[in-house]
Amino acid sequence: MKTHLVASTLAAAVAATTVGPYSQCEYDIPQSSLPIPSSTTSASCSQATSGGSGVLKIAGTNIAGCDFGCTIDGACVTGGQVVPLTQYSGIDGAGQMQQFFSRGMNTFRLPVGWQFLTPTLGGTLDPTNWEKYDTLMQTCLNTGAYCIIDIHNYGRWNGDIIGQSNGAVTNAHFVSLWTQIATKYATNSRIGFGLMNEPYDLLNVNAWADTVQEVVTAIRNAGATSLRIFMPGNDWTSAEDFIKNGSADALSKVKNPDGSITNLFFDVHKYLDQDNSGGHVECVTDNIQSSFLPLAQWLRCHGRQAVVTETGGGNVQSCVTH
């Protein structure tokens with residue numbers, strides 16, 4: 001799965017038969033309302049299959065760099081990260097976000113490697129690296145946009161799956177990370193928590209849901225009682241596979257401490273190229289029939305919401321078409 005994103009469109013899929021138009025950055029996007037609804041009402045399955053009006057609630061892009069050096073085994077090379085701000089790398093991430101925001105994007109996802117934040121498993125946030133990442137976060141917030149933290153480790157730390165590695169990487173390790181982050185940002189309503197980028201080859205999706213539940217509970221108990229949490233599933237959190245691989249059913253059991261599902265969103269990805277990798281310039285599909293329509297129908301039927309946090313294609317006509 002390609003980790004660098006050319007462009008991405010994010011949408012609340014529960015109210016739509018599609019997740020909204022794909023857009024390259026040079027096209028203006030109508031300014032969407034922020035925030036997105038915190039919850040929705042389920043419909044009967046017969047009603048859900050009839051389609052919806054389709055309203056794009058949020059649109060944005062990933063601002064990569066703090067995740068550089070991280071590989072799909074959950075390892076992150078020390079020093080490989082590039083904080084996309086002029087004072088750290090010469091990269092004008094602030095200008096990029098301001099430009100995108102002026103064109104109608106209202107959300108930015110800020111990927112970061114787990115090891116960049118806590119070099120020691122289960123340890124405290126590294127003061128120097130946290131200051132850099134927080135500076136990026138504050139720069140994002142200063143645009144007026146909604147900003148999502150994304151831990152970019154594929155459900156792993158140095159090759160071991162969280163909670164499924166015979167104790168090598170435990171749920172407690174992951175809870176520790178998110179408790180510290182949530183404590184820092186508990187009161188800022190424009191920050192969202194993307195728990196983990198693209199878990200894959202999980203040994204047990206229900207065990208993964210148990211991991212997610214522990215983290216959600218910890219975040220809420222740390223004071224972030226109403227911030228949005230984005231929960232990924234198995235198989236690279238593919239929108240096409242989210243239902244059939246059991247991720248939707250398993251994660252539906254995750255609740256806030258009060259028993260509600262308010263501001264708990266499914267996090268899905270789906271690229272437009274020939275193998276869903278994001279590694280090819282040309283786009284061959286809009287994924288509506290294979291992925292987004294079935295998922296949207298399931299979401300409406302079950303009263304849930306999902307956000308597409310990665311999609312994209314090349315700056316070519318086939319991607320504009322799709």
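Helices here are DSSP runs of at least four residues, numbered from the N terminus. One of these is H9, covering residues 288-302, and Gly303 comes after H9 with a positive phi, near 70°. Within H9, the buried residues are Ser291, Phe292, Leu293, Leu295, Ala296, Trp298, Leu299, Arg300 and Cys301.

The model is a predicted one. Its protein chain holds 10 helices and nine strands. Of the 322 residues in the chain, 54% are buried.

Helix H6 spans residues 171-185 and helix H7 spans residues 205-221; their axes come within 9 Å and cross at roughly 30°. Angles under 35 degrees count as roughly parallel, and H6 and H7 are therefore roughly parallel to each other. The crossing of H6 past H7 is right-handed. On the H6 side, the contact is made by Asn171, Phe174, Val175, Trp178, Thr179 and Ala182. On the H7 side, Trp208, Thr211, Glu214, Val215, Ala218 and Ile219 take part. Sorted by class, the residues of this contact are eight nonpolar, three polar and one charged.

The largest nonpolar core has 69 residues, and the members that touch the most others are Tyr133, Ile149, Trp178 and Phe193. H7 gives the most to this core, with eight residues. Beyond its neighbours within four places in sequence, Phe193 is in contact with residues including Ile149 and Trp178. Its other partners of this kind include Ala182, Ile219, Ala224, Leu227 and Phe230.

The last stop is a loop. Asn188 sits in the loop between H6 and strand S6, which covers 191-194. Is Asn188 buried, partly exposed or exposed? The cut-offs are under 20% relative accessible area for buried and over 50% for exposed, with partly exposed in between. Asn188 has a relative accessibility of 26%, so Asn188 counts as partly exposed. Leaving aside neighbours within four places in sequence, Asn188 is in contact with Leu141 and Leu227. Leu227 is also one of the residues in contact with Phe193. Asn188 and Ala224 are 36 residues apart in sequence, while their C-alpha atoms are 8.4 Å apart in space.

How values were computed. Residues numbered from 1 in each chain as written. Predicted model: local features only at pLDDT ≥ 70, side-chain atom pairs only at ≥ 80, totals over all residues. Heavy atoms only, no water. Axes fitted to C-alpha atoms, helices over the stretch in contact; angles between N-to-C directions. Helix = DSSP H or I, 4+ residues; strand = E, 2+ residues; numbered from the N terminus. Parallel < 35°, antiparallel > 145°, perpendicular 65-115°, else oblique. Left-handed = near helix turned anticlockwise from the far one by under 90°. Contact = heavy atoms within 4.5 Å. Nonpolar A, V, L, I, M, F, W, Y, C, P; charged D, E, K, R; others polar. Core = buried A, V, L, I, M, F, W, Y, C linked by side-chain atoms within 4.5 Å. Buried < 20%, exposed > 50% of the residue type's maximum accessible area, 1.4 Å probe, protein only.
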